[in-house]
Amino acid sequence: MIFEEIGLGISMMLLVMLVHLMATYILIDCSGAYDQVFKRHPRMRLLLALLVANVLLLVAHLVEVGIWAVVYAAKGLVSDHNDAYYSAFVNYTALGFGDAGQQTATRLIGPMTAGSGIMMFGWTTALLLLVIQQHLPEVRRPPRKRAVHKADGDHEDEVQEATGAAPSPKVTS
């Protein structure tokens, strides 16, 4: 009986992983579309990229919870089929119900759901960081420059960064 539950849990985790992989592929395919959008406004492009990524990944999570909800309804883990999605969602987010209401024969389904959710949320976090890293170099503004006069009487202007640091040495080859 325990091996049947573990086998079902692994199968569902693989199916959930495939849904998340599909969302990842869609996200990667969409990332090239942002190159020309808001070309002169990189902050707006980052905002748009994050909004699209968040919505896409949220939809993926909702589908994944739905997959687990089918298992909850099919295994009779909920008294009413309308509660299956809610119950699956609570376990998927690792909030969990504990052992309350779980039959001994299906006690591992809740933790398997939670493990699946934890892994998918970690994957989502990695994807959101990837989106930020792809757009962040363009968002950073170059350091402001200001003119500084030399103190020894030479009035030739020298560029100094606004931080007060001396200018970086120029490398010539």
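The protein has 4 helices and 2 strands, where helices (H or I, at least four residues) and strands (E, at least two) are DSSP runs numbered from the N terminus. Read from the N terminus on, the elements follow the order α-α-α-α-β-β. This is a predicted model, in which local features need pLDDT of at least 70 and side-chain atom pairs count only at pLDDT 80 or more, while totals for chains, interfaces and linings use all residues. Residues are numbered from 1 along each chain as its sequence is written, and side-chain values use heavy atoms, with hydrogens and water left out.

Let's start with the inside. Of the 173 residues, 31% count as buried; buried means under 20% relative accessible area, exposed over 50%, and partly exposed in between (1.4 Å probe, protein chains only). A nonpolar core is a set of buried Ala, Val, Leu, Ile, Met, Phe, Trp, Tyr and Cys residues joined through side-chain atoms within 4.5 Å. The largest such core holds 29 residues, and Leu-27, Trp-68, Tyr-72, Ala-84, Ala-88 and Ile-109 touch the most other members. Helix 1 (2-31), helix 2 (42-74), helix 3 (84-92) and helix 4 (109-139) each supply at least two of its residues. Helix 2 gives the largest share, 12 residues.

Apart from its neighbours within four places in sequence, Leu-27 is in contact (heavy atoms within 4.5 Å) with Ala-53, Leu-56, Leu-127 and Val-131.

Now see how two pairs of helices pack. Axes are lines fitted to C-alpha atoms, for helices over the stretch in contact, and angles run from 0 to 180 degrees between N-to-C directions. Angles under 35 degrees count as roughly parallel, over 145 as roughly antiparallel, 65 to 115 as roughly perpendicular and the rest as oblique.

| Helix pair | Angle | Axis distance |
|---|---|---|
| Helix 3 and helix 4 | about 60° | 7 Å apart |
| Helix 2 and helix 4 | roughly 170° | within 10 Å |

Helix 3 and helix 4 are therefore oblique to each other, whereas helix 2 and helix 4 are roughly antiparallel. For the residue classes, Ala, Val, Leu, Ile, Met, Phe, Trp, Tyr, Cys and Pro count as nonpolar, Asp, Glu, Lys and Arg as charged, and the others, Gly among them, as polar. The contact of helix 2 with helix 4 has 18 nonpolar, 7 polar and 4 charged residues.

After helix 3 comes Ala-94, whose phi is positive, near 70°.

Which residues does Thr-113 touch, not counting residues up to four places away in sequence? They are Trp-68, Tyr-72, Ala-88, Asn-91 and Tyr-92. Thr-113 lies in helix 4 and is buried, with a relative accessible area of 0%.

Finally, there is 1 salt bridge, defined as a side-chain nitrogen of Lys or Arg within 4 Å of a carboxyl oxygen of Asp or Glu. The partners are Glu-4 and Lys-75, at 3.2 Å from N to O. This pair links distant parts of the chain, with Glu-4 in helix 1 and Lys-75 in the loop between helix 2 and helix 3, 71 residues apart. Glu-4 is partly exposed, with a relative accessible area of 48%, and Lys-75 is partly exposed at 34%.
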